[in-house]
Amino acid sequence: MTEHETSDDDALTRLQSIRESIDNVDAALIHLLAERFKFTQLVGRLKAAHGLPAADLEREARQIKRLRALAEESHLDPEFAEKFLNFIVAEVIHHHERIAATTGVIATVEPKTV
Ligand SMILES: O=C(O)C(=O)C[C@]1(C(=O)O)C=C[C@@H](O)C=C1
């Protein structure tokens, strides 16, 4: 039977079932993001304590390259993957700046190279 041949009732049951899976994925995304922000809080405190700048553009460029490749492999739009990462990173940088401001260490210089 094709999707056109199922009854409207069957279609609604199927829609509900697919939506349950979407809800599971959305919940996983929220949990994953919460974990990611826990790690970036640690990075923010470390950076503030050592006077390191909130943003690291070289690190971001490497992350974008990697995520675009992963997106392509997974048949996800790489542009979307890049925008999604940028959206999250922008929020992380706000958090870093807030931590630095409350810690009293404002970073204005590039990190020292080791
Ligand atoms: O890795 C860092 O240096 C971070 O501060 C974390 C992070 C990220 O969210 O992945 C955020 C800001 C930086 O510009 C790069 C990466």
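## Leu-42 and helix 1

Leu-42 lies in helix 1, where a helix is a DSSP run of H or I with at least four residues, numbered from the N terminus. Leu-42 is exposed, with 10 other C-beta atoms within 10 Å. Leu-42 and His-96 are 54 residues apart in sequence, and their C-alpha atoms are 9.5 Å apart in space.

This is a predicted model, in which local features need pLDDT of at least 70 and side-chain atom pairs count only at pLDDT 80 or more, while totals for chains, interfaces and linings use all residues. Residues are numbered from 1 along each chain as its sequence is written.

Helix 1 has 42 residues, which should span 62 Å at 1.5 Å a residue; the end C-alpha atoms are 61 Å apart, which agrees. The expected span is 1.5 Å times one less than the number of residues. Helix 1 is hardly covered, with three buried residues: Gly-44, Lys-47 and Ala-48. The buried residues of helix 1 pack against helix 3. Just after helix 1, Gly-51 takes a positive phi of about 65 degrees.

## The chain as a whole

The protein chain has three helices and zero strands, and its pattern along the sequence is α-α-α. Of its 114 residues, 6% are buried. Two residues are in contact if their C-beta atoms, placed from the backbone, lie within 7 Å. Among contacts between residues at least 6 apart in sequence, 64% join residues at least 24 apart.

Helix 2 has zero buried residues among its 17, so it lies largely in the open. Its end C-alpha atoms are 24 Å apart, in agreement with the 24 Å that its 17 residues should span at 1.5 Å a residue.

Helix 3 has 26 residues and reaches 37 Å from its first C-alpha to its last, close to the expected 38 Å. His-96, Ile-99 and Ala-100 are buried in helix 3, and the buried residues of helix 3 pack against helix 1.

Helix 2 (residues 57-73) and helix 3 (residues 78-103) pack at an angle of about 140 degrees, with axes 8 Å apart. Axes are lines fitted to C-alpha atoms over the stretch in contact, and angles run from 0 to 180 degrees between N-to-C directions. On the helix 2 side, the residues that meet helix 3 include Ile-64, Leu-67 and Ala-71, and those they meet in helix 3 include Ala-81, Leu-85 and Val-89. By class, this contact has seven nonpolar, one polar and four charged residues. Ala, Val, Leu, Ile, Met, Phe, Trp, Tyr, Cys and Pro count as nonpolar, Asp, Glu, Lys and Arg as charged, and the others, Gly among them, as polar.

## Around the ligand

The residues around the ligand are Thr-40, Val-43, Ala-55, Asp-56, Arg-59, Glu-60, Gln-63, Val-89, Val-92, Ile-93 and His-96; a residue is near a molecule if its C-beta atom, placed from the backbone, lies within 6 Å of it. Helix 1 (8-49), helix 2 and helix 3 each give two or more residues to this shell. The largest share, four residues, comes from helix 3. The shell divides into five nonpolar, three polar and three charged residues.

Key. A residue is buried if 20 or more other C-beta atoms lie within 10 Å of its own, exposed if 12 or fewer, and partly exposed in between; C-beta atoms are placed from the backbone.
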